[in-house]
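Me: I've just opened a structure that is new to me. Could you walk me through how to read its features?

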Amino acid sequence: MTDALPVDDVPDVFPPTLREVLLRPFWIGMLAVALIVAGVFAWLGQWQLGNAIDTDPPPAGATEQVRPLGEVTEPGEYLAEPLVGQQVEVSGSFVRGDFTVITSRFDDGEAGFWVAGQFRVDPDTDRTTGPTSLAVAVGFTPSRAEADAAASALDEAPPQDVTLTGRLISDEGAQAPPSGADPFDVPRMSSPALLSQWSDVEGLDVYRPYLTSNEPFGGLGEIHSPAPSELSSVNWLNIFYAIEWAVFAGFAFYMWYRLARDAWEKEVEELAGDDEDLLAPDADPSPRDGAERPSPQT
């Protein structure tokens, strides 16, 4: 094996600088990808920021002005947040046999029950073309026996041709009764859940929100439903999301720089290892092919 090359014979190979690596076509292309990703994130952040500030908030006390139901929402639609708790007016008749006791109710801190029924809306009041119903809570009582008795009485003689005013509330979503409770109990005020118990529902349109009637029926107590608190014109959750998207945009550039730097450091280490191999002495000093090692000259 030949001896290591003299130092003068080692080729001059200098490691690249980080700037040289960053200016290579591959990493310039990766920078373009990072720019596209960051641009998408920046657009999402701007969109969140635009939705964070309500430039046209509803005036104070708007929910207390009684409006026709048809002006506030349509059957099947979710209730917009500024309209939650809106006082509305609607005319129609309750459907016989479709009153239900709603459990797990609290009225001004007192535990009890609601009685709710299917209210068939007068088509002249909501401009609908087919049969349309609204779930209406008609009263509160702390006694389950009184709630059952009121529901039975209303089933036999449901109020007809009445005009209701009350507060429109978002659907609470269906929920199974608590463990150990009657499996047929309804613990949530949910129009889809009540729809499964109503009669004469073929081709029926249903409002998603429900109404708490200002006037109680069936000898029940009035439901305490205070005005909703005024909404802030700033949605801090959206602002937090906007900040998150800005951080993600910056992270896209950081990842590009970090990957390029790692590639540069690896290349420098490999070149340094090659230089050490060239400059290292022969690892096997024994003669080869039986040749004698020449004696050192004096």
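Me: How many salt bridges does the count come to?
Reply: A salt bridge is a side-chain nitrogen of Lys or Arg within 4 Å of a carboxyl oxygen of Asp or Glu. By that rule the count here is 9 salt bridges. Keep in mind that this is a predicted model, where local features need pLDDT of at least 70, side-chain atom pairs count only at pLDDT 80 or more, and totals for chains, interfaces and linings use all residues. Residues are numbered from 1 along each chain as its sequence is written, and side-chain values use heavy atoms, with hydrogens and water left out.

Me: Which parts do R24 and E267 tie together?
Reply: Their side chains meet in a salt bridge of 2.9 Å, N to O. R24 sits in the loop between α1 (18–22) and α2 (25–52) and E267 in helix α7, so the pair ties together parts 243 residues apart in sequence. Helices (H or I, at least four residues) and strands (E, at least two) are DSSP runs, numbered from the N terminus.

Me: And what does R261 pair with?
Reply: R261 forms a salt bridge with E265, with the closest N and O atoms 3.3 Å apart. These two are 4 residues apart in helix α7, so about one helical turn separates them. There's a network too: salt bridges link R258, R261, D262 and E265.

Me: Is D200 buried or exposed?
Reply: Buried means under 20% relative accessible area, exposed over 50%, and partly exposed in between (1.4 Å probe, protein chains only). D200 counts as exposed because its relative accessibility is 57%. You'll find D200 in the loop between α6 (191–195) and β7 (205–206). Its side chain meets that of R120 in a salt bridge (3.9 Å, N to O).

Me: What about backbone angles?
Reply: Most residues other than glycine have a negative phi. D200 is not a glycine, yet its phi is positive, about 55°. S104 is another non-glycine residue with a positive phi, near 55°, and S104 belongs to strand β3 (residues 100–107).

Me: Which residues touch the most other members of the largest nonpolar core?
Reply: A nonpolar core is a set of buried Ala, Val, Leu, Ile, Met, Phe, Trp, Tyr and Cys residues joined through side-chain atoms within 4.5 Å. The largest one has 27 residues, and V115, L134, V138 and L164 touch the most other members. Among the elements that each supply at least two residues of this core are β4 (110–121) and β5 (132–141). A second, separate core of 14 residues includes I102, A116, L194 and L204.

Me: Where does T141 lie, and what does the T141 side chain join in a polar contact?
Reply: A polar contact is a pair of N or O atoms within 3.5 Å; within protein, one must be able to donate a hydrogen and the other to accept it, and residues adjacent in sequence count only if both atoms are side-chain atoms. T141 lies in strand β5 and counts as buried at 2% relative accessibility. A polar contact of 2.7 Å joins its side chain to that of E146. A polar atom of the T141 side chain also lies 3.2 Å from the backbone nitrogen of S143.

Me: Which residues is N238 in contact with, leaving aside neighbours within four places in sequence?
Reply: Contact means heavy atoms within 4.5 Å. For N238, those residues are Q48, N51 and A52. The C-alpha atoms of N238 and Q48 are separated by 5.5 Å, though the two are 190 residues apart along the chain.
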